[in-house]
Each structure stands twice: as C-alpha cells, then as structure tokens.
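Q: I want to learn to read charged pairs and helix packing in a model. Where do we begin?

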Amino acid sequence: MKAVFLDAITLGNDVDLTPVEQVTGGLMKHDATPSEQVLARIRGFDTVLVNKVVLTREHFEHCPELKTIAVVATGLNNIDLDAARDHGIQVLNVTNYGRSTVAQHTMALMLALATRLLDYDRDVRAGRWADSDMFCLMDHPIMELEGRTLGIVGYGDLGQGVAERAKAFGMNILLGARPGQPAAETDGYPRLPLDELLPQVDVLSLHCLLTEETRHLIGARELQMMKSDALLINTSRGGLVDEAALAEALRNGVIGGAGFDVLTEEPPRSGNPLLADDIPNLIVTPHSAWASREARQRIVEITARNLASAS
C-alpha cells in the first residue's frame, strides 16, 4: 500500500499516526495541500487520506492507480462519490469516534446558555458586581434544566450520547423526525414530527447530517413555533439552520438563546449573520466540539482498521 495524507495538520500535531503507518507500510504526509497541488501529490499513490481536501472526477481520471480514499472524518461532501464509484475507488470514512467529546460540548453550550454564564462573566469583568448594592447579580434569567424538555433531531451515536447526559440532568427527552422519517418510538423516547415537537421543547439540539432535505431544517417559521425562552444547539452541520433567520429571532426575542459550533462557511471568511456583535445570548465556537485529543486519536485508530479491512 502506497499512501499519502494530504492535510495531516487537520488532526493536530499531537496525535500518533503510527497505527496508519503500520497498516500502510509508511505514509507520505503533507500538513496542507492547496487545490492546485492535489493532483501532483496524489499521482502514483493507491491510497489517499484526506480530511477536508476536495477530490474530484478530474483527479480520478488522471490517477488510475488510485484504489482507496480514507476520509479521516464522517462527512463525505468533499469527495465526488459518483466519480469515485465510476472509477472503482472505495471511499472509507470514520464514524462513532466523537460521542463523548461532542456530547460534552453540546451540554457545555446548553449549560452556559441556561445559566447565562458568559453574560455574568462579562458583567463581573465590567465591574458591575463590584458596583452592586446586593451580594449578587440577578440581571439575566437562569433556566434550570431539570424537568425541562430536550428535543433531539438526529438520534445516531451523537444524539444518543447527548440524551444520556441530558437524562442525568433530569431532562425529559423527545426525538424529532427528520423529513421523510416516520414518527415512532426509539429507546422509549417518542419521535415526533417537527411541527409537533418544536412547541414542546425547552432545548432543541441538532445532530443530523446536512442533506438537501435537512438544509434550513430550522428557519423563520420553525423558530416562531418554539417557546420564547427555548434554546437552540447546533453541533452538527452549518446549513441546518437559516442563520439570518436565527440572528433576527434572537434579536427580537423569538427564542431565548443559541449555541453553535458550526457555520455554513468554515472558516467564515465571508462573514456570517451569527457573528454580528448585537445578538443576545448567542455562543459560537469554531467547530471544536469534535477536537479532543482522545477523539482525534480514535480517528487515527479507526482509519487504520478501515484500511486494514479494505486491503
């Protein structure tokens, strides 16, 4: 096996690639690969590892020796899957590596919003506590999660991890049916159509893939259906939520707050409606929910197993 990793830095410089190197018999590594250098760097290799580098039909047409693409992530939107299939190239990806870290990040966003953690921290640093006539500040309403209802859309590995942790906080769990998904019951949790789910939830957490059916799954109409103090969490994919509609909903008090780890464009070089300075009770983190060292090392180990099984 002759293998090249086109964007190794996306896994960080603190992971051990030895499991992949052992399976492949060696690994050519590039920290990053600009699009204009992709073809030159994959020529002569039968196995290509990528995270976010885009691989197209043109690449495959010029590299008949290419047999396997190992994506060191779950999403495959950077690979032309139809073209890969036409050229007999198997595409491998990694699943079930980030349950603990993504669920932890989801709960951290939920807790920070519910307790208005950032607002109170800013108040303290601005001297408002020191100037207070009372021993405490109570200017921002705090939501107690116990007894509240959490709606989860996307009940795969990550959604299940969030449900486990939310249940430990005493939350009630409901599941949301994605477009085309029937209402049912899973693990004792009712799965409801979105129009039925949204008015009931105090927190809505998204864990589904971005497809044409789920793009803007939550827009202005859906936000209007939610409670005025409800929280919206998205640690899944940018584009599941109409970001402009959400920005306006937060400004106008349509919902109570939002925590996002993903945006439609990453990094947001062209700006984003959610990066405006005047949006209350909004937390945006830089697609870091998946990035604990433990999770990134699991990606390496799963990738090695995938390659060993495919060879």
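A: With the rule for a salt bridge: a side-chain nitrogen of Lys or Arg lies within 4 Å of a carboxyl oxygen of Asp or Glu. Keep in mind that this is a predicted model.

Q: How many salt bridges does the rule give?

A: Side chains of opposite charge can pair when their charged atoms come close. Here the count is 20 salt bridges. One of them joins Lys29 and Glu21, at 3.1 Å from N to O.

Q: What does the pair Asp229 and Arg148 tie together?

A: Start with the bridge itself: the side chains of Asp229 and Arg148 meet at 3.5 Å, N to O. Asp229 sits in the loop between α9 (220-225) and β11 (231-234), and Arg148 in the loop between α6 (117-125) and β6 (149-153), so the pair ties together parts 81 residues apart in sequence. Asp229 is partly exposed at 33%. Arg148 is partly exposed at 23%.

Q: Which parts does the bridge between Lys227 and Asp202 link?

A: This salt bridge spans 3.0 Å, N to O. Lys227 lies in the loop between α9 and β11, and Asp202 in the loop between α8 (194-197) and β10 (203-206), so the pair ties together parts 25 residues apart in sequence.

Q: Which residues do salt bridges with shared partners join into one network?

A: Arg99, Asp157, Glu164 and Arg165.

Q: How do I read the packing of α5 and α7?

A: Two packed helices are described by the angle between their axes and the distance between the axes. The axes of α5 (residues 99-114) and α7 (residues 157-168) come within 8 Å and cross at roughly 55°. That angle makes α5 oblique to α7. The crossing is right-handed.

Q: How many are nonpolar, polar and charged?

A: The contact of α5 with α7 has six nonpolar, five polar and four charged residues.

Technical notes. Residues numbered from 1 in each chain as written. Predicted model: local features only at pLDDT ≥ 70, side-chain atom pairs only at ≥ 80, totals over all residues. Heavy atoms only, no water. Helix = DSSP H or I, 4+ residues; strand = E, 2+ residues; numbered from the N terminus. Buried < 20%, exposed > 50% of the residue type's maximum accessible area, 1.4 Å probe, protein only. Axes fitted to C-alpha atoms, helices over the stretch in contact; angles between N-to-C directions. Parallel < 35°, antiparallel > 145°, perpendicular 65-115°, else oblique. Left-handed = near helix turned anticlockwise from the far one by under 90°. Nonpolar A, V, L, I, M, F, W, Y, C, P; charged D, E, K, R; others polar.
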